[in-house]
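Hello,

Here is the structure I promised to pass on. Please open it first, then read the notes below it.

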Amino acid sequence: MTLFEPSPVLIAFIFVQRFVFFEVLAVLALLRLAVGRGLARLPAILTLGICVAAIFVTFAPALNLQTSALYTQLAQFLAMGGGTTMPVIASLIFAISLFIAERRWRWIEILHLIGLAAFLGLWVYTRI
């Protein structure tokens, strides 16, 4: 590796941050919406909204939709904190369902926590 070559871990983190995290979290939120009861659906719908907005920002340039005012505002929000703030906020909102007794399929939270730990582990490793 030369001086100007990025670390493979950094490349993996950027890939996960842009193309994996929100998509997987959206699928988990959809599952929670489908099988959840009562209040367990509220964090899932909020998380799904954030994930859809982030996915829109990611793929809007490929679809030539980056000229809209909504794209500009969402892109600025997605870029906060080096792009780590929005995934953490979405994940914290989804984690609220851990404390709701009416939820079903508790393995959804286990998958979520494993994914969040992997994401944060990559982020910490890129900072070292």
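Leaving aside its neighbours within four places in sequence, which residues is glutamine 17 in contact with? They are Phe22, Gly82, Gly83, Thr84 and Phe119. Glutamine 17 sits in helix α1, which covers residues 8-19. Its relative accessible area is 10%, so it counts as buried. Please keep in mind that this is a predicted model.

Now the overall picture. The chain has six helices and zero strands. Along the sequence the pattern reads α-α-α-α-α-α. The C-alpha trace spans about 50 × 35 × 20 Å along its principal axes. There are 128 residues in the chain, and buried ones make up 33% of them. Take the contacts with a separation of 6 or more: residues 24 or more positions apart account for 69% of these. The chain exposes about 7700 Å², with carbon and sulfur atoms supplying 75% of that area.

Next, the core. The largest nonpolar core has 25 residues. Phe21, Phe22, Leu25, Leu78, Met86 and Phe94 have the most contacts inside it. Helices α2, α3, α4, α5 and α6 are the elements that each give two or more residues to this core. Leucine 78 is worth a look. Not counting residues up to four places away in sequence, leucine 78 touches Arg18, Phe22, Ala54, Val57, Gly83 and Met86.

Helix α3 runs over residues 41-59 and has 19 residues. From its first C-alpha to its last it reaches 27 Å, close to the 27 Å expected at 1.5 Å a residue. Its buried residues are Pro43, Ala44, Thr47, Leu48, Ile50, Cys51, Ala53, Ala54, Val57 and Thr58. What do the buried residues of α3 pack against? The answer is α1, α2 (21-35), α4 (69-78) and α5 (85-95).

Helix α5 buries Met86, Pro87, Ala90, Ser91, Phe94 and Ala95. The cover over these buried residues includes α2, α3, α4 and α6.

Then the charged pair. The structure holds one salt bridge. Arginine 32 forms it with glutamate 109, and the closest N and O atoms are 2.7 Å apart. The pair links distant parts of the chain. Arginine 32 is in helix α2, while glutamate 109 is in helix α6 (residues 107-127), and 77 residues separate them. Are the two partners buried or exposed? Arginine 32 has 0% relative accessibility, so it counts as buried. Glutamate 109 has 2% relative accessibility and therefore counts as buried too.

Last, the surface. Phe15, Phe19, Phe59, Leu63 and Leu65 form a nonpolar patch there. Together they have about 490 Å² of accessible area. Leucine 63 is one of these residues, and it lies in the loop between α3 and α4. Why is leucine 63 called exposed? The cut-off for exposed is over 50% relative accessible area, and leucine 63 is exposed because its value is 59%.

Start at glutamine 17, in helix α1. Go on to the salt bridge between arginine 32 and glutamate 109. Finish at leucine 63, in the loop between α3 and α4.

Best wishes

Notes:
Residues are numbered from 1 along each chain as its sequence is written. This is a predicted model: local features need pLDDT of at least 70, side-chain atom pairs count only at pLDDT 80 or more; totals for chains, interfaces and linings use all residues. Side-chain values use heavy atoms; hydrogens and water are left out. Helices (H or I, at least four residues) and strands (E, at least two) are DSSP runs, numbered from the N terminus. Buried means under 20% relative accessible area, exposed over 50%, partly exposed in between (1.4 Å probe, protein chains only). Contact means heavy atoms within 4.5 Å. The expected span of a helix is 1.5 Å times one less than its number of residues. Patches are made of residues with over 30% relative accessible area and no salt bridge: like charges are joined within 9 Å, nonpolar side chains (Val, Leu, Ile, Met, Phe, Trp, Tyr) within 5 Å. Accessible areas come from the Shrake-Rupley method with a 1.4 Å probe; for residues, only the protein chains shown count as cover. A salt bridge is a side-chain nitrogen of Lys or Arg within 4 Å of a carboxyl oxygen of Asp or Glu. A nonpolar core is a set of buried Ala, Val, Leu, Ile, Met, Phe, Trp, Tyr and Cys residues joined through side-chain atoms within 4.5 Å.
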